[in-house]
Amino acid sequence: MTNPTHSVTLLTRAGCGLCATALEQLRVICAEFGIEPGTVDVDEAAVTDPGLRAEYGDRLPVVLLDGREHSYFDVDETRLRADLKR
């Protein structure tokens with residue numbers, strides 16, 4: 001039985017230092033599972049999806065696992081690794 005493929009996305013914005021740190025953490029963790037984390041700049045996305053910035057803009061960075069909020073401000077490494085193994 002193989003593990004299902006997960007998607008990991010980081011909601012971010014330009015100039016966000018915490019976001020840059022979180023992306024580096026995600027790249028290391030996701031590489032262990034053969035996943036390349038994606039990024040979405042909530043300010044750029046607001047042009048077509050203003051709800052994204054409205055919902056997450058004050059809590060960045062936000063990690064989405066399979067499209068659902070997993071953690072924000074910090075990457076919950078232990079929990080993310082456990083969830084990626086499922």
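Hi everyone, let's begin in the middle of this predicted model. The largest nonpolar core here is made of 13 residues. Those with the most contacts inside it are Val8, Leu10, Leu26, Val63, Val75, Leu80 and Leu84. Which elements give two or more residues to this core? They are strand E1 (8-12), helix H1 (17-31), strand E3 (62-65) and helix H4. H1 supplies the largest share, with 5 residues. As background, nonpolar side chains in soluble globular proteins tend to be buried together.

Now please turn to the surface. Leu18, Tyr72 and Phe73 form a nonpolar patch there, and together they have about 290 Å² of accessible area. Let's take two of these residues in turn.

Phe73 sits in the loop that runs between strand E4 (68-72) and helix H4 (77-84).

For another loop residue, look at Gly57, between helix H3 (50-56) and strand E3. Is Gly57 buried or exposed? Gly57 counts as buried, because its relative accessibility is 14% and the cut-off for buried is under 20%. Along the chain, Gly57 and Phe73 are 16 residues apart, and their C-alpha atoms are separated by 11 Å.

One last item, on aromatic rings: the structure holds 1 aromatic pair. In general, such a pair is described by the distance of the centres and the angle of the planes.

Definitions and conventions
Residues numbered from 1 in each chain as written. Predicted model: local features only at pLDDT ≥ 70, side-chain atom pairs only at ≥ 80, totals over all residues. Heavy atoms only, no water. Patch = residues over 30% accessible without salt bridge, like charges linked within 9 Å, V, L, I, M, F, W, Y side chains within 5 Å. Areas by Shrake-Rupley, 256 points an atom, 1.4 Å probe, with all protein chains shown as cover. Salt bridge = Lys/Arg side-chain N within 4 Å of Asp/Glu carboxyl O. Helix = DSSP H or I, 4+ residues; strand = E, 2+ residues; numbered from the N terminus. Phe/Tyr/Trp six-rings, centres within 6.5 Å; stacked < 30°, edge-to-face > 60°. Core = buried A, V, L, I, M, F, W, Y, C linked by side-chain atoms within 4.5 Å. Buried < 20%, exposed > 50% of the residue type's maximum accessible area, 1.4 Å probe, protein only.
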